[in-house]
Amino acid sequence: IVCLADCKHLGAHLDEKKPDGSINEALQQVAFADKILLNKIDLVTKEEKEAVEARLRTINKFATVIETEKSRAPLDRILGLNSFNMESILSYDPNFFDEEEEKKIHNLELVQSVGIKFEGNLHAQWFNMFMMDLLRERAADLYRTKGLLSFHGQGDTKFVFQGVHEQINFGPAQKPWAEGEVRENKFVFIGKNLDRAELTKSLMECLYKEDKEE
C-alpha cells in the first residue's frame with residue numbers, strides 16, 4: 001500500500017477536523033501505508049521536512065518514507081516488492097518495538113502505531129480468543145495489524161499474520177525458528193486510541209503456562 005503525501009500541505013490535511021468527528025482521509029491513508037512518498041520536499045525547509053517526517057512516524061512508524069520531488073519516485077523502491085508480504089514484520093528495526101521511556105510526550109494524534117515484543121510461547125487457544133474479542137470490539141479502530149508468533153506445541157514452526165480491520169491472514173513463516181534463536185513474539189498495531197500498556201498486558205496473558213494447563 002503506497003501513499004502519496006504533499007510535504008508542504010500535509011500538516012493542514014492531517015489537522016482537518018471532520019464535522020461528525022470521524023477520522024479524516026489523510027490520517028487513514030498514512031495509517032494504512034507500507035510506503036509513503038513524501039513529495040514536494042523542494043518546497044519546504046529542512047526543518048519543516050523533518051517535522052513532517054516526525055509526525056508521519058508518530059502515526060505510522062513502520063512505513064518506509066521515500067522523499068521525492070515533482071512526483072519523481074525511484075520505481076525500484078516501489079514496484080514488484082510484494083509490500084503486503086506477511087513476513088514484512090521480520091525486517092522492522094528492532095528499536096520500533098521498544099517503548100521510549102525517556103520520551104513520555106503525550107501523543108495528540110488520534111491515529112498511532114504501537115509495537116510490542118516479548119519472549120515465550122503463546123497458548124494458541126488463548127491467543128485466538130484474545131484476537132477474536134479484540135477484532136469484534138475494536139475492528140473499526142484497528143487499521144493494520146501484524147504479528148510474528150511462537151506457539152507452544154508447534155515445534156520450530158514460526159507463525160506470521162497480517163490484517164486490515166477484521167480481515168486477518170495467518171500462516172507459517174517461510175523459515176522456522178532456528179536452533180538457539182530467541183522465541184520472541186512481535187506485534188504491530190496501527191489504529192485509533194491504542195493503549196500500549198493494555199495491549200501488552202492482554203497479549204502476555206496469552207503466554208503458555210505449565211501450571212495452568214489442565
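Guide: We go from the whole chain to a sheet, and then to side chains.

Guide: Before that, please keep in mind that this is a predicted model, in which local features need pLDDT of at least 70 and side-chain atom pairs count only at pLDDT 80 or more, while totals for chains, interfaces and linings use all residues. Residues are numbered from 1 along each chain as its sequence is written, and side-chain values use heavy atoms, with hydrogens and water left out.

Visitor: How many helices and strands are there in the chain, and how do the elements run from the N terminus on?

Guide: Helices (H or I, at least four residues) and strands (E, at least two) are DSSP runs, numbered from the N terminus. The chain has five helices and eight strands, and from the N terminus on they run β-α-α-β-α-β-β-α-β-β-β-β-α.

Visitor: What share of the residues counts as buried?

Guide: A residue is called buried under 20% relative accessible area, exposed over 50% and partly exposed in between, using a 1.4 Å probe and protein chains only. By that rule, 42% of the 214 residues of the chain count as buried.

Visitor: Which strands make up the open sheet, and in what order?

Guide: Strands of a sheet pair through backbone hydrogen bonds, either parallel or antiparallel. Two strands are said to pair if DSSP finds at least two bridges between them. Here an open sheet of three strands has the order S1-S2-S3, with parallel pairing. Strand S1 (2-6) and strand S3 (64-67) stand at the edges, and because each has a single partner strand, one side of each is left without a neighbour in the sheet. S1 pairs with strand S2 (residues 35-39) in the parallel sense over five bridges, and Cys3 has Ile36 in S2 as its bridge partner.

Visitor: Which strands of the sheet does H3 touch, and what angle does its direction make with that of S2?

Guide: Axes are lines fitted to C-alpha atoms, for helices over the stretch in contact, and angles run from 0 to 180 degrees between N-to-C directions; contact itself means heavy atoms within 4.5 Å. H3 packs on the sheet, touching S2 and S3, and its direction makes about 160° with that of S2. Glu53 is found in this helix, H3 (residues 46-59), and is buried, with a relative accessible area of 12%. If residues up to four places away in sequence are not counted, Glu53 touches Leu38, Val65 and Glu67.

Visitor: How many aromatic pairs are there?

Guide: Rings of Phe, Tyr and Trp (its six-membered ring) pair if their centres lie within 6.5 Å, and planes under 30 degrees apart count as stacked, over 60 as edge-to-face and the rest as tilted. The count comes to eight aromatic pairs. One of them joins Phe151 and Phe159 edge-to-face, at 5.4 Å centre to centre with 70° between the planes. Phe151 is buried at a relative accessible area of 5%, and Phe159 is buried at 10%. Phe151 also forms an edge-to-face pair with Phe170, at 6.2 Å centre to centre and 65° between the planes. Phe170, at 44% relative accessibility, counts as partly exposed.
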